[in-house]
Amino acid sequence: MKSQVLIGKRIKEYRKRSGLTQEALAEKVQLSAHYVSAVEWGRSFPRIDVLIDIINTINASADQIFCDVIDKSYVARTSILADIIDGLSPVQKRQIISVIETMTENFKTEQ
């Protein structure tokens, strides 16, 4: 997948998490809703100043937006996983942690 598409998907994800529609985001950053849609689909890519405005408006970090395209973004990915897990019940959290512990132990024995 092209980087633009992956970045656009993250922008869409965080826009929705912020409770914004494309129209509301567009208004806040003085763009058209059509352009916001094109960015989210990876058909357009904003200038850096516009991208910064978008990221700030959707309450995301650059790491969160670029985590799929930058090799050293494991910290952001860990943060995303923590956010996902945080929304689970205590039982579900324990199950996820158990699976992760088992997987990491298996990785250690493979080395």
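This is a short chat about a predicted model.

Visitor: What should I know before reading it?
Guide: Residues are numbered from 1 along each chain as its sequence is written. In this predicted model, local features need pLDDT of at least 70 and side-chain atom pairs pLDDT 80 or more, while totals for chains, interfaces and linings use all residues, and side-chain values use heavy atoms, without hydrogens and water.

Visitor: Where is Glu40?
Guide: In helix H3, residues 33-40. Helices are DSSP runs of H or I, at least four residues, numbered from the N terminus.

Visitor: Is Glu40 buried or exposed?
Guide: Glu40 counts as buried because its relative accessibility is 4%. Buried means under 20% relative accessible area, exposed over 50%, partly exposed in between (1.4 Å probe, protein chains only).

Visitor: Which residues does Glu40 touch?
Guide: Leaving out residues up to four places away in sequence, Gly8, Lys9, Ile11, Lys12, Arg15 and Gln22. Touching means heavy atoms within 4.5 Å.

Visitor: And which of H1's residues are buried?
Guide: Leu6, Ile7, Gly8, Arg10, Ile11, Tyr14 and Arg15. Helix H1 covers residues 3-17. Gly19 follows H1, with a positive phi near 75 degrees.

Visitor: New topic. Where is Asn56?
Guide: Asn56 sits in helix H4, residues 48-57. Asn56 counts as exposed because its relative accessibility is 53%.

Visitor: How far apart are the C-alpha atoms of Asn56 and Arg94?
Guide: They are separated by 33 Å, with the two residues 38 apart along the chain.

Visitor: What about Val99?
Guide: Val99 lies in helix H7, residues 90-110. Its relative accessible area is 47%, so Val99 is partly exposed.

Definitions and conventions:
Helix = DSSP H or I, 4+ residues; strand = E, 2+ residues; numbered from the N terminus. Expected span 1.5 Å × (residues − 1).
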